[in-house]
Amino acid sequence: MSPEAPADPSRQPVTDPLNPPLPTADAAYWEAVAASFDEEPDHGLRDPAVRSAWAARLRSWLPSAPAAVLDLGCGTGSLSLLATEQGHRVTGIDRSARMIERARTKLAGRDAAFLVGDAAEPPVGERRFDVVLVRHVLWALPDPAAALRHWAGLLTPGGRLVLVEGRWGEADPIGLPAGELTALVEPLAARTRVESLAHDPALWGKEVADERYVLIADLPRRHTEVVDVHLVVRRGDEVLLARRAGTGYADGLLNVPSGHAEDGEDVRAAVIREAAEEIGLRLAAGDLRVALVMQHCAPPPARPRIGWFFEAEYGAGGEPWNREPDKCAELAWFPLAALPDDMVAYSRAGLDGLRAGHRFLLHWHRPGDAVAHDPSGPGRAVVLDGPGPAG
């Protein structure tokens, strides 16, 4: 499923097979068709021959060892089911609540979890996966390149993108040609290969004449880390905190406004962009100063990150306000010397370190640690710029 348009063109009624209708962005449409979605041969995989054909392909695309698979635009979970039958652990994401409900029923008792969410920005928090599996989604997204970069960031080093796509129709085709998708993926990947699916009628329950394929991309195995940026807005002795909501990670906890640098974006440009997107501030480079740099890692299986904390004075860029109420439940000011306990642990550690005058920290969770700050638990902050406590 797509956050903006249907994930699969074959989900729409086609009155003219040579000129299929353009996709609709109406989310209610997908809720309405959820009950009949599995009637299409390649959706429900109810025909044993179709099911066997997809199972064989999936076995060749996924790792042989049990892997963590993120199935984006999972629909009613037919591919997720095949993946679990082959020993994999699956997280499925779809924007349709009714599709997700059917997927949960279909895979009840299996090693799978399903969430309602945007395929372009799935609500999986800090989790990382061995495979991102996407069928008939990317072509309909408004910014496929940005989605691919985000999905690559959800993979473990050496992880794999499995992208089933096509270009449907003959008179006025819609979709994403294999050559175009290959050009988008190659900058991210160590290896790519394209496998045609058009000449295997068993996959579709019929003969097809348009372009259908899978692109498999293996990412580099070298160590990489997400770079995130954090904005500490100072109002005298107070700092501005945001309460997370609807993100899938640390929801209900407070942290400073934050985000991650996009591909090709420097950290200063990233924090200026995030400030505008999250709290409506129009900051200039001169409004910012680097306060602290911290390498941090949430509890396993999260991957490490490099966090840059920038400071800005209240009034710079305007009055802060909550521009993302779907991701932020509230904005509030708190004394830096008396911060609340219900904070994301590494954000609290960063502010404590900043208050103590430090510039470089490590904050590394261990197995069993909570994401939330625990005032009675062991301190995980390690000072790298000289002696003294981190907070």
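Start with the aromatic pairs: a search of the whole structure finds 5, where rings of Phe, Tyr and Trp (its six-membered ring) pair if their centres lie within 6.5 Å, and planes under 30 degrees apart count as stacked, over 60 as edge-to-face and the rest as tilted. This is a predicted model, in which local features need pLDDT of at least 70, side-chain atom pairs count only at pLDDT 80 or more, and totals for chains, interfaces and linings use all residues. Residues are numbered from 1 along each chain as its sequence is written, and side-chain values use heavy atoms, leaving out hydrogens and water.

Select W54 and W61. Their ring centres are 6.3 Å apart and the planes stand at 80 degrees, so the pair is edge-to-face. Both W54 and W61 are buried (under 20% relative accessible area, with exposed over 50% and partly exposed in between; 1.4 Å probe, protein chains only).

With W54 it makes an edge-to-face pair, 5.4 Å centre to centre and 90 degrees between the planes. W54 lies in helix α3 (residues 48–61) and W204 in helix α8 (residues 201–204), so this pair ties together parts 150 residues apart in sequence. Helices (H or I, at least four residues) and strands (E, at least two) are DSSP runs, numbered from the N terminus. W54, W61 and W204 form one aromatic cluster.

Next, show R135: its charged end sits over the ring of W54, 4.8 Å from the centre (NZ of Lys or CZ of Arg within 6 Å of the ring centre and within 35 degrees of the ring normal). Elsewhere, R235 lies over the face of Y314, at 5.8 Å from the ring centre.

Last, select helix α6 (residues 144–153), whose buried residues are P144, A147, L148, W151 and A152.
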